[in-house]
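The exercises below concern helix packing and aromatic pairs. Work through each task before reading its solution.

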Amino acid sequence: MANSWKMSQHGTKKRKLDRSTEDYMYFDSYSDVTIHEEMIADTVRTNTYRMGIFKNSKSIEGKVVLDVGAGTGVLSLFCAQAGARKVYAVEASSIADQAVRIVKLNQMEDRIEVIKATLETIELTEQVDVIVSEWMGYALLHESMLNSVIFARDKWLKPGGLILPSRADLYIAPINDLVVEGRLNFWSTVKGQYGVDMSCMTDFARKCIMNKDITVNPVTVEDVLSHPCKFAELDLNTVTLEQLRDVRGVFSCECFGSSSIHAFCVWFTVTFPAEEKALVLSTSPFKPETHWKQAVLYLDDAVDVMQDTKVEGEISLYPSEENSRHICIRMDYVIDMRWTEQMKPNTLLRCERQ
């Protein structure tokens, strides 16, 4: 069975955005305080970056650092605290004005220079020893900020320089969703409560809830039906822009027990190198929740599985044709030798984290 998805346009004609419009919408979404509050309040994220920077203090002390997409400047300040001689904090959105104030408040203006511009347009007076960036979006690649990190690496990083974090891995697992199951069953309970039969709404509800969008939700450990399967790895020292146009891999897993697969969930980890033990920032449902949560890809219909039912296939992440900062995820997969094809474009998932 072959399925394909088209995003609802709510009566408007779908059109491709030019790059300048994409960039304006993206950077404008980072001009409000809410998104920065959410990111800094994410203690898993912020503390892991802080620890990752401090664990690499020997490589940072006395060196020049480039912070790509600096936001409020918190990572730049961590680098300065770790001993950096100079930090270039590059931020294209208007939050750069607040970063200047924060840097001054922390008396670091002699070591941190905030540059309000896009990374691709800046000119530095020197090469840098270290690049630090919190570039990850939903399902890792939403927002396409990694492209700017690669641009910075190729133009400004000294040979053998350090990138923090240095690696990213993508994972997938089938999940059961009892909340969705309850919402679908709700329509069969209306008659008993109000005397009006609305059971015919179930199919409509299924189309609305288990739709073609990539949904960002927290997934609980109890919902995951197999061990995680890593399907892609990105080495930030070597990955190319061409490779990011289609990040793909295969997966194979076996279900834990009798249940129903409602969806697949996708998550990521990034790794900070260290002398003794590498430090990992994980967005796994098996770890404490982060603001990234997990990306959920719903099936058209739930599929019943048993202990050791095999689930395998191929998954591909690539930029949307309508907005290159958005991603699409395509999967060809088999559940117990039943072949299906799923394509989930993500044109309705907004650039801002929410």
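Is Phe78 buried or exposed, and what is its relative accessible area? Phe78 has a relative accessible area of 10% and is therefore buried (buried means under 20% relative accessible area, exposed over 50%, partly exposed in between, with a 1.4 Å probe and protein chains only).

The model is predicted: local features need pLDDT of at least 70, side-chain atom pairs count only at pLDDT 80 or more, and totals for chains, interfaces and linings use all residues. Residues are numbered from 1 along each chain as its sequence is written, and side-chain values use heavy atoms, with hydrogens and water left out.

**Exercise 1. Classify the aromatic pair of Phe54 and Phe78.**

Step 1. A search of the whole structure gives seven aromatic pairs (rings of Phe, Tyr and Trp, the last by its six-membered ring, pair if their centres lie within 6.5 Å; planes under 30 degrees apart count as stacked, over 60 as edge-to-face and the rest as tilted).
Step 2. For Phe54 and Phe78 the centres are 6.4 Å apart and the planes make 65°, an edge-to-face pair.
Step 3. Phe54 lies in helix 3 (residues 43–55) and Phe78 in helix 5 (residues 74–81), 24 residues apart, and the pair links distant parts of the chain (helices are DSSP runs of H or I with at least four residues, strands are runs of E with at least two, numbered from the N terminus).
Step 4. Phe54 has 29% relative accessibility and counts as partly exposed.

**Exercise 2. Describe how helix 3 packs on helix 5.**

Step 1. The angle is about 30° and the axes are 9 Å apart (axes are lines fitted to C-alpha atoms, for helices over the stretch in contact, and angles run from 0 to 180 degrees between N-to-C directions).
Step 2. Helix 3 is therefore roughly parallel to helix 5 (angles under 35 degrees count as roughly parallel, over 145 as roughly antiparallel, 65 to 115 as roughly perpendicular and the rest as oblique).
Step 3. Helix 3 contributes Thr46, Tyr49, Arg50, Ile53 and Phe54 to the contact, and helix 5 contributes Leu75, Phe78, Cys79 and Gln81 (contact means heavy atoms within 4.5 Å).
Step 4. By class, the contact of helix 3 with helix 5 holds six nonpolar, two polar and one charged residue (Ala, Val, Leu, Ile, Met, Phe, Trp, Tyr, Cys and Pro count as nonpolar, Asp, Glu, Lys and Arg as charged, and the others, Gly among them, as polar).

**Exercise 3. Treat helix 2 (residues 33–41) with helix 3 in the same way.**

Step 1. These helices pack at about 65°, with axes 5 Å apart.
Step 2. Helix 2 and helix 3 are therefore roughly perpendicular.
Step 3. Met39, Ile40 and Ala41 of helix 2 meet Thr43, Arg45 and Thr46 of helix 3.

**Exercise 4. Find the orientation of helix 8 (residues 178–186) and helix 10 (residues 201–209).**

Step 1. The packing angle is about 150° and the axes lie 8 Å apart.
Step 2. Helix 8 and helix 10 are therefore roughly antiparallel.
Step 3. Val180, Arg183 and Leu184 in helix 8 touch Thr202, Ala205, Arg206 and Ile209 in helix 10.
Step 4. Four nonpolar, one polar and two charged residues make up the contact of helix 8 with helix 10.

**Exercise 5. State where Gly73 sits.**

Step 1. Gly73 is in the loop between strand 1 (64–68) and helix 5.
Step 2. With a relative accessible area of 2%, Gly73 is buried.
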